[in-house]
Amino acid sequence: MQFLEKIKKSIFSLIILILLIISFFVFKFALQKEKIYTPKITDNQIFTDFKVQFLIDEKQVNFNKVLTGKNFYLINIWSSWCEPCKDESKYLLELKNNTPIMMIGINYKDKKKNALNFLKLYGDPFEKIFVDKQGLISINFGAYGVPETFLINNDNKVLKKYIGPLNDEDVYEIKKITKN
Amino acid sequence: MIISQLGYYSLIFGLLTSIFIFFNSSIQLKKNNPIISDKITGLIGFQFFFVFISFISLIYSFIISDFSNETVYNNSHTTKPLFYKITGTWGNHEGSLLLWLLVLSGVLLGFIFKSRNEPTNYRLLTTLLHQIIVIGFFVFVLKTSNPFNEIFPVQQEGLGLNPILQDPALGIHPPILYLGYVGTSIIFSAALASMISNYLNKSWAKNIKFWILFSWIFLTGGILLGSVWAYYELGWGGFWFWDPVENVSLMPWLSLTALLHCIVTLEKRELFKKWTIVLCIITFTLSMVGTFLVRSGILNSVHTFANDPSRGIYILTFLLVLVLLSFVIFMIYENKNFTQESGIFTLSKETAILINNWFILYFLSVVLIGTIYPIFLDVILDEQISVGPPFYNKLILPFLIPFVLFMSIGPSMKWIKTNFKIKAKSFLVIIFTLILSFFTVYFVGEKNIFILLLFIGFFYLLLKSLDQLREKTKNFAQIFSHTGFSLLLISILLNSFSSKEIIKNIQVGESFTLKNEKIIFKKIAIEKEKNYESIVGFFEILDDKNRIINLQPEIRIYNEPETATSEASIKTTLFKDRFITINIIKDQNFFNVRYQHKPFMIWIWISTLIIMLGGMFAIFRKNKEVNI
C-alpha cells in the first residue's frame, strides 16, 4: 500500500512540475511574441473561402463572391467604439469618391444600431459592409486590431496593409498604386 | 539631485540588510536559540526603514518636480496639483514596484511584532523565507526598474501623468490594493515556515488569521476603489468588465476568501491542514502571477506602464523559483504534518465550508482560464480571441445557486455534527424568500425561471444571514460579510437587468426622452483649471414627477500630456443612478450624449463596504469564542 501511495505521489508531483514548466515556457514565448508575430496569410494571399454576413440586411454570402468585378479592393476593419476610426472616415470617403476601388467595411465586434449610427454621423464610405461579431474574420485577415486597412488586388493578394488609421500619405500611396 | 542618490543608496542598503538578515537567521536557526536576538528584529526594522526612506525620497522628488529623475520626468508635470504629484509616485512601473517593496518589508515587520508569543523557530523560518521574496524584489527593482535613474541634461518640464489616472479614487487605489495583494506574501512565508517547523496547529491558525483578514480587507477595498473609478471615469457606466487586469485582483481575493474559511476550521477543529497550506501557496502565487501579467506588458491596459520584456522574464523566472521552492517544501514535509484526516463527511459546518471551498475554487478556475486561455491560445495555435462576459456568465451564474444555498445553511450548522431540526421559523424564511423573489422578478419584468432561481438563492442568503441576528451568540463578522455578499449579488443582478441607456447626437437647446424623463441640453461652458480645460455641458432632467435634476458632464482636455477624457456626471439616489456623458463630434455643433439609468448602483458599493466591515469585525474580535 505504502509503495502505491509513493507512486501516486510522485506521479502527481510530476504532473504538477510538467504543468508548471509548460506554463513557464508559454508565458515566456508570450512575452517575446509581439516581435515575431506575423499575420496568418500565406504568400500575401488572403483566405477568402468563408461566409460573411451583410450588416444591413443580414444576408449571408461567400466572401470570394464579394471579391469580383474590380481590380482593387480596400478592406477596412472598423467599429463604432473605435475612436481613431472617426478620424479615419474622411480619408475613406476621399478614396471612395476619387478612386475605382471597391470599398469593403468589416464591422468589428460592434452593435448594429451603433454601427449604423456611426455611418450616419461620419459618412458611409463603403460599398459593402459585413459584420464580424466575434472578430474571427479579422483574425483570418491577420489583423492586429481596429482600425486596420488592407488593399488587395483581383488575385486576392495583399498589396498594402495599414495598421491603425489611414493618413494623408497612405491615401496618396493608395491612389498611386490603383492608378497604374 | 541628492535626494535621488539618497533614495538609491537607501535601496542598496536595504538589499544588504536583507542578505544580512537571511544569513543571520539561518545561523540562529542552526543554533536553536530559544529567543530571537534583538539583532534580527532590529535589522528587520532597519530594512523597512531603508525602503521607507527610499520611498519618501521618491515622493519628495515628485513633489518638488525634480526632472533630473527619469521616473519623475516621465510621469509628472509642474502644473499638476500636489495630490496628483504625490499619487503619481505609484502611478508608474518603477514607483509601484517600490511600493510593492515597501509593503513587502512592512508586513514582515508587522508579523515579527504580532508573533512575539509564537515559537522562535517558526518566526525565524518565516523571516528567512520572506527574505527570499524580499531579496528577489530588491534585485528586480535595482536591476530592471530603478526609480532613481538620472537623466542628463536635466529637463525643464516633465511628460505628465496619464489623465485618467488623475483621480482621487485611483490615487489611493494602489496603496490599498497593494496592502492586500502584497500582504499575502507573509501568509505564504508563514505557511511554509509552519510546515517546516512542525507548527501547523490551532495556535498557528490563530496567529496567521490576522494576516489573512488583513490582506482580505485591503484587497476588497482596493478592488472596490478600482471598480468605483472604472464606473465614473471610463465613462461607459459599467463597474466590472472581466478585464484580465480586474481578474488578477479577483483571483487572489477568491482564494483568500476560501482560505479565510479554512483557517477558522483549522483553528477550531484542526482540520484541512493540507488544504490550508495549498491555499496559502495558491494565494500568493496568484498575486505574483497577477503582478507578472500586469507589469510585463503581456496584457494591455491602463496598468501596463512599460513594455520591457526583460522585466517580464525576471518576474516569471522568480515566480517559477518560488513556486518550485514551495512545492518542494510541501512535498518534503507533507508526511510529517498531515495525519490522515478522516470522517468529516457528516452534516457539519466543516463539510459546508469544504463544499463552498470547492465552489470557490471552481469560480477561481473559471476566472483563471478566462484570463490566461487567450495567452495560451495565442502562443500555441497562433489564434487571437478575447474572453468576455458571456463566458463568465455562463460558467459562473448557474453555480452561484447551490453556492449561496450552502452559504446560507452553513453558518447555522454546528461543528462536528449537526442534527437538523426543521423549525416552523425556517419555513417562514423560505416563504419570505419566495415572496420577495417572485415580487422582484415580476417587478423587473424578467419572467425567466433561471433568474427566479438566482433571486431565490440570493434572497434566501440575505434573509438567513439577517435571521441570525436573533441568535444568542451573534457572529457579526460572518453576518455582515454574508449579508453584504448577498446584497452585492442582488444589486448586481438587478442592475444588469434594469439598466437603460440612450445615445443621441444633439445640439444645445434640443432634448430627448427616456422612460418618462425629459433630458434637456441647456448650454455649454468652457472652464479653465490648472492642469486642464474643460467643456461642461449643462443638462436638465425632468423626471416623471416633474422634478428638475441638474447634471453637468465634462470633457476635459488635459495639457500635459494632451489628452481628452470624458467625465461622467452622476446623480445617485438610493434606487438608481442617473449617468450622463458627452463626447465631441468632430467639426460639428452636435454633441454625442449618452444617458443611462443604472439602478441600485450605490448598493453595489455599500454592500462591498458591508463585506469589508465583516472582515473588520473578525479582526477586532478579541479572544471571544465565536463560530464563523
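In the predicted model, A:Glu148 has A:Ile163 of S7(A) as its bridge partner. The two strands involved are S6 (residues 148-153) and S7 of chain A. Their pairing is antiparallel and runs over five bridges.

S6 and S7 belong to an open sheet of seven strands in chain A. The strand order is S2-S1-S5-S4-S3-S6-S7, and the pairing is mixed. Strand S2 (60-62) and strand S7 (158-163) of chain A form the edges. Each has a single partner strand, so one side of each lacks a neighbour in the sheet. From one strand to the next, the twist averages 30°.

A helix also packs on this sheet: H6 of chain A, residues 168-179.

The contact takes 16 residues from chain A and 20 residues from chain B. On the chain B side, two helices give two or more residues: H11 (309-337) and H12 (349-381). H11(B) gives the most to this side, with eight residues. By residue class, the chain B side that touches chain A holds twelve nonpolar residues, four polar and four charged.

Terms used: Residues numbered from 1 in each chain as written. Chains lettered and ligands numbered in written order. Predicted model: local features only at pLDDT ≥ 70, side-chain atom pairs only at ≥ 80, totals over all residues. Pairing = 2+ DSSP bridges. Helix = DSSP H or I, 4+ residues; strand = E, 2+ residues; numbered from the N terminus. Axes fitted to C-alpha atoms, helices over the stretch in contact; angles between N-to-C directions. Contact = placed C-beta atoms within 7 Å. Nonpolar A, V, L, I, M, F, W, Y, C, P; charged D, E, K, R; others polar.
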